Each structure stands twice: as C-alpha cells, then as structure tokens.
Amino acid sequence: MSDDGHERNGHAKVPSRQRRRFPGISSRAYEHPADRSALVALRKLSGFDTVFKALSGLLPERSLRLLFLSDSVRVSDQQFAHLNDMLRDACYILDLEKVPPMYVNQDPQPNAMCIGLDEPIIVVTTGLVELLDEEEMRAVIGHEVGHALSGHSVYRTVLLFLTNLAIRVAWIPLGNLAVMAIVTALREWFRKSELSADRAGLLVGQDLRASMRGLMKIAGGNHLHEMNVDAFLAQAEEYEAGGDLRDSVLKILNVLPRSHPFTTVRAAELKKWSESRDYQRIMDGHYPRRSEDKDTSVSDSFRESASHYATHVKTSKDPLMKLVTDLAGGAGDLGGRVRRGFAGFAGSAGQPGSGGTTTKDQPPTDRPPTDQPPSDRPRDED
C-alpha cells in the first residue's frame with residue numbers, strides 16, 4: 001500500500017507496495033530543463049490550448065481512437081487487469097485525476113506511446129508486455145503517464161502532423177526544407193521530453209534498478225542473465241567520451257532523425273538524475289505544485305535551460321564539446337587540434353576497404369526504444 005489506503009480522486013486501488021505519493025505535483029518537478037522551458041513558454045501563450053485543439057480537425061486523432069478501439073484490447077478490470085492496476089497506481093502516485101484509456105495492440109516489437117490532442121490515450125504492444133516484468137512495466141506506464149501529465153501528447157501529435165506534412169510537400173523545393181527545419185527543432189525538444197518521462201517513470205516505480213533493466217531489455221532483448229547494469233552504463237560513458245571530432249559529428253548526424261535519445265544515454269541520464277538533489281527533494285515531499293504553474297516565469301525557465309546546456313558543455317567528455325569549451329576559454333593551438341581531429345576522414349576515404357565490411361558500413365538501425373507505433377499506424381514514437 002502507499003501512504004494511505006483510502007480512495008483518492010476516484011482511484012479505488014492504490015500501489016501494491018509502499019510507494020511515496022506526490023499530491024498536486026507539477027510536471028515541472030521532473031521535466032528536463034530544455035523540455036520545461038519550452039512547455040512553460042507554450043503554456044503562457046494566450047489561447048494556445050484552443051489553437052492546438054482546433055488542429056484536431058486536421059489530425060487523425062479521431063481515426064486513431066476508433067482504430068485502437070476496434071482493433072486492440074482496451075485495458076480494464078476485465079482485460080489485462082494487472083496493467084489496469086499499474087495504470088491506476090501511476091495516476092494515483094502522480095495525482096493525475098483522470099485516468100487515460102490504455103490499449104494493448106498486437107505487435108511483436110516492444111513499444112508504447114501516449115497520443116491525442118483532446119484526451120491522451122496510451123498504447124502498449126504485446127511485445128512490450130511479454131518482454132518486461134511487473135516492476136519494469138510499471139516504470140514504462142509511469143513514463144507514459146508522465147507524458148500525459150506534462151501535456152506532451154499534444155505536442156507530439158503536432159510533431160506527427162508536421163512530419164506527415166513534410167512528406168506530402170516533399171515535391172516543393174523550399175516547402176519541404178522549411179517544414180523539416182521545424183520538425184528537426186521539435187525532435188530535439190522531444191528527445192528531452194523523453195528524458196522527462198523517464199524521470200516520471202522512476203517517480204512512479206521508485207525502483208531505479210527496474211528502470212535500468214527495462215532499458216537494457218529494450219536495447220538487448222529478454223536476455224537479462226546475459227546483461228549487466230554497470231556494463232550497460234559503461235557503454236554510455238564510452239559513447240560520451242570516446243573517439244575524436246569525427247565521431248562527435250557522426251553522433252550528431254545519427255541522432256538528428258531520431259525522436260528518442262539512444263538507450264544507453266537514457267539510462268545514464270536517469271541514473272544521474274536519481275543521484276541528484278532535485279530527485280531527493282521530490283522524494284522528501286518538496287516539489288513544485290500545479291497550483292503554482294500559472295506563476296512560473298518564462299525567463300527564469302529559459303535561464304535555467306541555458307544554464308543546464310552551458311554546464312553540460314563544460315562537463316562533457318565529448319571531443320567536440322571540449323573544443324567548444326576551449327574556444328570559449330581562448331585555448332591555444334585550436335587550429336591544429338581541429339586538423340588532427342578530422343585528419344582521419346581524408347585518410348580513411350582514400351584507403352580501399354578502410355570502412356570494414358559492408359554490414360558495418362550501413363547506417364545504424366534506428367530502432368527507437370519502447371515507443372515505435374504499429375507499422376500500419378502513424379510513425380509516432382514514445
């Protein structure tokens with residue numbers, strides 16, 4: 001049971017073991033600074049909710065609802081009751097009064113998403129249900145409820161609309177470029193929103209090891225006995241610090257088309273946040289309330305976001321970020337360092353067979369973690 005066994009906000013069932021509840025918690029408590037600054041600014045725009053919801057007539061939301069209702073299994077006390085308990089638990093812990101509808105869709109690929117402009121809905125695939133144990137699944141459902149509480153489903157649906165629009169206007173020389181520039185910016189925001197939702201999943205599950213296991217399974221499948229959390233996190237460290245300037249550029253190119261950060265990066269970011277003072281303050285009951293959202297300063301949020309990025313650049317082990325730091329500090333011989341960093345590009349291009357086998361030369365498969373929708377539905381990740 002949680003802090004008390006009483007029914008609250010229509011939630012007849014409470015968590016199955018002792019977990020802390022966060023009454024009135026604002027999504028600002030767990031949102032990544034870049035995500036939070038964008039959301040605070042959008043919420044301050046007069047009538048933005050009305051404008052976005054007006055777009056619902058242009059978006060396939062009603063069609064999606066009918067599609068999942070007709071061709072998936074709706075979670076309830078009669079169907080997938082254990083998932084329904086987890087969903088109600090997550091809403092109870094994060095104090096989300098209205099429980100979103102959730103569906104299970106037949107798809108072997110592990111995936112989950114939260115979509116919808118007017119009322120969010122959550123969809124999980126059978127591949128995900130079969131892959132994760134109870135505590136791992138609880139963190140994923142908490143992740144999706146975090147999206148709903150933050151209002152991410154509104155903006156991700158707009159992102160889906162713009163992505164589809166870019167495809168339709170691809171024949172227009174400049175139209176496609178203009179739309180894709182907006183889509184690229186939205187993807188960068190959305191990658192940060194995924195980090196926010198991971199934090200919400202941790203607040204719901206309150207089990208860091210379970211969150212780590214879930215991310216490992218999404219990356220490597222149901223072979224937990226063959227995997228190790230510390231070794232998995234070491235991969236993130238190697239990814240962050242390894243290579244030279246060429247690798248830094250390739251990292252940027254690899255992540256640009258993605259709506260999600262890479263899985264090892266998500267795990268490392270979540271572990272870092274779990275060890276932070278911000279997380280401990282939330283667990284101690286000190287966090288922003290929803291009642292205070294209207295008084296939030298946009299400029300303060302942007303300053304916090306800028307400060308976060310500046311700190312990230314200064315502390316990053318990535319070669320390109322180190323170069324940026326040195327540029328800001330006026331370090332000497334930067335020209336020589338840049339030449340040495342990129343020297344391998346020309347050399348490797350001129351050597352036959354230098355790229356290795358054909359398989360390794362292919363671009364890495366962009367298999368998004370947890371959140372790829374069914375193939376016959378709009379390609380929206382969560």
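Reply: Glu 135 and Arg 138 sit together in helix α6, 3 residues apart, or about one turn of the helix. This is a predicted model, so read every distance below as computed from predicted coordinates.

Start with that pair. Glu 135 and Arg 138 form a salt bridge, and their closest N and O atoms are 3.8 Å apart. The cut-off for a salt bridge is 4 Å, so this pair counts. Both Glu 135 and Arg 138 are buried.

Glu 135 has another partner. Glu 135 also forms a salt bridge with Arg 19, with 2.7 Å between the closest N and O atoms. This pair links distant parts of the chain: Glu 135 belongs to helix α6 (residues 134–150), while Arg 19 lies in the segment before α1 (33–44), and 116 residues separate them. Arg 19 is buried, as is Glu 135.

These pairs belong to a wider set. Arg 19, Asp 89, Glu 134, Glu 135 and Arg 138 are linked in a network of salt bridges. The count of salt bridges for the model comes to 11. As background, side chains of opposite charge can pair when their charged atoms come close.

Glu 136 forms a salt bridge with Lys 217, and the closest N and O atoms are 2.9 Å apart. Glu 136 is in helix α6 and Lys 217 is in helix α9 (residues 208–220), so the bridge ties together parts 81 residues apart in sequence. How exposed or buried are these two side chains? Glu 136 has 1% relative accessibility, so it counts as buried. Lys 217 is buried too, with a relative accessible area of 6%. Both values fall under the 20% cut-off for buried.

The axes of α6 and α9 come within 8 Å and cross at roughly 85 degrees. This angle makes α6 roughly perpendicular to α9. On the α6 side, the contact is made by Glu 135, Glu 136 and Ala 139. On the α9 side, Ala 210, Ser 211, Arg 213, Gly 214 and Lys 217 take part. By class, the contact residues divide into 2 nonpolar, 2 polar and 4 charged.

Glu 136 pairs with Lys 217 of α9. Glu 135 and Glu 136 are also among the residues of α6 in contact with α9.

How values were computed
Residues are numbered from 1 along each chain as its sequence is written. This is a predicted model: local features need pLDDT of at least 70, side-chain atom pairs count only at pLDDT 80 or more; totals for chains, interfaces and linings use all residues. Side-chain values use heavy atoms; hydrogens and water are left out. A salt bridge is a side-chain nitrogen of Lys or Arg within 4 Å of a carboxyl oxygen of Asp or Glu. Helices (H or I, at least four residues) and strands (E, at least two) are DSSP runs, numbered from the N terminus. Buried means under 20% relative accessible area, exposed over 50%, partly exposed in between (1.4 Å probe, protein chains only). Axes are lines fitted to C-alpha atoms, for helices over the stretch in contact, and angles run from 0 to 180 degrees between N-to-C directions. Angles under 35 degrees count as roughly parallel, over 145 as roughly antiparallel, 65 to 115 as roughly perpendicular and the rest as oblique. Contact means heavy atoms within 4.5 Å. Ala, Val, Leu, Ile, Met, Phe, Trp, Tyr, Cys and Pro count as nonpolar, Asp, Glu, Lys and Arg as charged, and the others, Gly among them, as polar.
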